[in-house]
Amino acid sequence: MASANLDSNTAELQRVTATGARLGSLAFLWQRHVRPHKLYLRRDLSMAVLLNPKVGTQTFRTLLYEGLQKLGSAPRVPIYYPVNKKRRLTFPPLPEYLHFLRNTAKYQCYAFVRNPYARFLSAWKQKFANCHLEESHLRCTARVLPSVRRFAAKHNLAGGEAGSPVPFETFLTWVESQEEGRRDHHWDTQRAVLNLDRIAYHRLFRIETEYTDGLMEVLTRAGVCADLVQERATRKVNSTPALKKPIYNEQLAERVYKLYRCDFEALGYEEDSWRDAA
């Protein structure tokens with residue numbers, strides 16, 4: 001069933017991508033998630049990797065940086081670019097970025113995807129589960145937490161008071177109030193983050209079963225040593241503590257499924273897979 005879904009969706013994505021290609025780069029300018037710092041582009045290899053937050057992105061960045069550093073790769077952008085030293089090794093020059101926007105169909109595009117239940121839960125765990133302990137511990141949390149607290153207070157939900165925990169259900173209700181494509185990339189749909197409606201991907205790797213294979217295929221193509229990838233692929237760079245008790249029940253799972261139904265259908269994940277999310 002999942003394979004059939006993926007085949008039919010791939011055909012649909014290819015059709016829509018052809019339409020997007022005719023629109024040229026202007027179609028992408030309205031997509032907030034397709035930005036240089038969220039891509040690894042290699043025009044010389046006709047390869048593009050679109051990064052999907054909460055789906056092994058930190059491990060990918062770390063391995064890529066270490067691999068390129070061992071190769072002695074030169075920075076791809078000048079020192080005056082507003083990115084740190086590590087990012088200068090991977091950040092695409094503006095001409096290359098614009099070329100990708102205008103010629104996406106000429107690139108073999110890759111991305112890593114994840115069960116929407118697990119991805120959404122991971123976003124809450126990392127950004128909000130312990131925000132009451134240190135409200136500015138993460139840049140993303142500090143930026144959006146005031147909005148979450150105002151929303152909670154307005155709707156009489158737990159988490160409205162400063163210094164209080166933000167429960168999973170409050171976070172879910174807040175995200176439900178937001179339009180797809182306008183949310184933070186950590187909890188927007190993977191359809192929006194990866195522009196599944198405009199890009200026909202060469203491969204989408206499931207993090208649950210294909211992460212190491214995906215890293216090996218993409219990073220070795222970029223010149224990273226296979227031994228380094230194999231050695232480091234299973235190390236978690238940005239893991240969050242395990243929860244003491246399950247968060248999902250049937251009611252919450254139903255709401256999350258409704259919120260991310262497009263991802264479940266496009267990526268072939270099962271509706272009842274919430275029982276395995278942790």
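## Contact between H4 and H6

In this predicted model, Phe120, Leu121 and Trp124 of helix H4 are in contact with Phe168, Phe171, Leu172 and Val175 of helix H6. Sorted by class, the residues of this contact comprise seven nonpolar, no polar and no charged residues.

H4 spans residues 116–127 and H6 spans residues 168–176; the two helices pack at an angle of about 115°, and their axes are 11 Å apart. H4 is therefore roughly perpendicular to H6, given that angles of 65 to 115 degrees fall in that class. The handedness of the crossing of H4 and H6 is right-handed.

## Contact between H2 and H8

The crossing of H2 and H8 is right-handed.

On the H2 side, the contact is made by Thr59, Phe60, Leu63 and Leu64, and on the H8 side by Tyr211, Leu215, Val218 and Leu219. Seven of the residues in the contact of H2 with H8 are nonpolar, one is polar and none is charged.

## Buried face of H3

Within H3, the residues Glu96, Tyr97, His99, Phe100 and Leu101 are buried. The elements that cover these buried residues include three strands: S1 (39–42), S2 (47–50) and S3 (108–113).

## Loop residues with positive phi

Most residues other than glycine have a negative phi. Lys54 is not a glycine, yet its phi is positive, at about 70°. Lys54 is located in the loop that runs between S2 and H2. With a relative accessible area of 12%, Lys54 is buried, because buried means under 20% relative accessible area.

Asn156 likewise is not a glycine and has a positive phi, of about 55°. Asn156 lies in the loop between helix H5, which spans residues 139–154, and H6. The relative accessibility of Asn156 is 72%, and Asn156 therefore counts as exposed, the cut-off for that class being over 50%. In summary, Lys54 is buried, whereas Asn156 is exposed.

At a relative accessible area of 64%, Lys85 is exposed. Pro75 is ten residues from Lys85 along the chain, and the C-alpha atoms of Lys85 and Pro75 are 8.3 Å apart.

## The chain as a whole

The chain contains eleven helices and four strands. It has 278 residues, of which 48% count as buried. Its accessible surface amounts to about 14500 Å², and carbon and sulfur atoms contribute 51% of that area.

Among contacts in the chain with a separation of 6 or more, 69% are between residues 24 or more positions apart.

How values were computed: Residues numbered from 1 in each chain as written. Predicted model: local features only at pLDDT ≥ 70, side-chain atom pairs only at ≥ 80, totals over all residues. Heavy atoms only, no water. Axes fitted to C-alpha atoms, helices over the stretch in contact; angles between N-to-C directions. Parallel < 35°, antiparallel > 145°, perpendicular 65-115°, else oblique. Left-handed = near helix turned anticlockwise from the far one by under 90°. Contact = heavy atoms within 4.5 Å. Nonpolar A, V, L, I, M, F, W, Y, C, P; charged D, E, K, R; others polar. Buried < 20%, exposed > 50% of the residue type's maximum accessible area, 1.4 Å probe, protein only. Areas by Shrake-Rupley, 256 points an atom, 1.4 Å probe, with all protein chains shown as cover.
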